[in-house]
Each structure stands twice: as structure tokens, then as C-alpha cells.
Amino acid sequence: MSDTPDQRLLDDLLNSWDRNNTILVNLLCAIPEGGLEVQAMEGSPSVAELFTHIHYVRLVFVSEDVPEFGTDLPKEEWAMERDRGRIAQMLNDSAKVVRDAVKSRVKSGGEMKLHYDHPILLLQHMIWHEGYHHGQIKLALKLAGLPITDEEAGPLTWGVWMRKK
């Protein structure tokens, strides 16, 4: 699959995954001071816990479906991590695990062990899952009086999706 249409398609799909992670880390960096502790309502996860949950879910699905790429899972799924740099590193690390696992399965033609009919569906599931939580994070911040405006969010999110190489 050197420079075939299939290789280019895989590269573009992996690029979409990389962009998704960039957007998530951009969102993390744009969170106003005090925003990591915000909850949409009492009993809901905090913004920080939503980010650590995303990291955890990435690693769980890889360990279940492409176990040779599995890594040690965090002790907590909903950890209240307050260090943005640490959360960003976690997200970048787990994004690489997902990327490498999907790329390997696509190139080998191997099946996923538990979920998905095709490895690309893992990427699509993660992007959908993370977009869902992205919206929850922005809503929680808005409810707490710490909104990220469209002017701030646009270049960090939609701009990343729509830019050409």
C-alpha cells in the first residue's frame, strides 16, 4: 500500500484522527481558569473528568480490540486531574495508541477482536464519542458562566477540521 488510493485514503483517515485529537487538546488549552472543576450539574462529571474519561475509553477499546497495542489502563476512568499539561500528554499518548492500532489492523487486514466490523469504525466511534463530550464540556462551561465564545472556539476547532494541507 505504498502510494495507492487505499494508502492515501488511510492516510487521510488517520489525518482526521490526528485533527480530532488536536481539536480536543486545543479545547483543553482554551478552558478558562477554574474551568476544569466545572460540572454541568451536581453529580455530573467535571470538565477534567470528561477529558480523563476520553483518554481511558480510547485505551479500553484498543485493549479489547487490538490487544497487542494495549497499554496499562489508568486506575480511574473519571480522574480529577488538574494539570492541563498532564491531561494533554495523556490525550496525545492515547491518540497515538489508537492511531497505531488502527493503522496496523488496516494494513494487515486483521479483524477487530470484540467490537467493530472494520478498524476504521473504531476511529469513527472515538470521533463521535469525543465530539459528544466536547459539546458537554462547552455546555458545562457556559452554564458556569465561563463560556468559550464561537470566535475563540472557531479557529481551534472548525478551523482545524476544514484547513487544507
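Helix H4 contributes the most to the lining of the largest pocket, with five residues. Helices here are DSSP runs of H or I of at least four residues, numbered from the N terminus. The model is predicted: local features need pLDDT of at least 70, side-chain atom pairs count only at pLDDT 80 or more, and totals for chains, interfaces and linings use all residues. Residues are numbered from 1 along each chain as its sequence is written, and side-chain values use heavy atoms, without hydrogens and water.

The largest pocket holds about 240 Å³ of space. Its lining has 14 residues, and Ile23, His134, Thr157, Trp158 and Trp161 are the closest to its centre. A pocket is an open set of points on a 1 Å grid over the protein atoms alone, where a 1.4 Å probe fits, with protein on both sides within 12 Å along at least five of seven lines; lining residues have an atom within 4 Å of a point. The volume is the space filled by probe spheres set on the points, which are joined across faces, edges and corners. At least two lining residues come from each of H1 (5–30), H4 (119–143), H5 (150–156) and H6 (158–162).

Asn20 lies in helix H1. This residue is buried, at a relative accessible area of 8% (buried means under 20%, with a 1.4 Å probe and protein chains only). Beyond its neighbours within four places in sequence, Asn20 is in contact (heavy atoms within 4.5 Å) with Arg58, Ile127, Glu130 and Trp161.

After H4 comes Gly145, with a positive phi near 80°.

Key. Buried means under 20% relative accessible area, exposed over 50%, partly exposed in between (1.4 Å probe, protein chains only).
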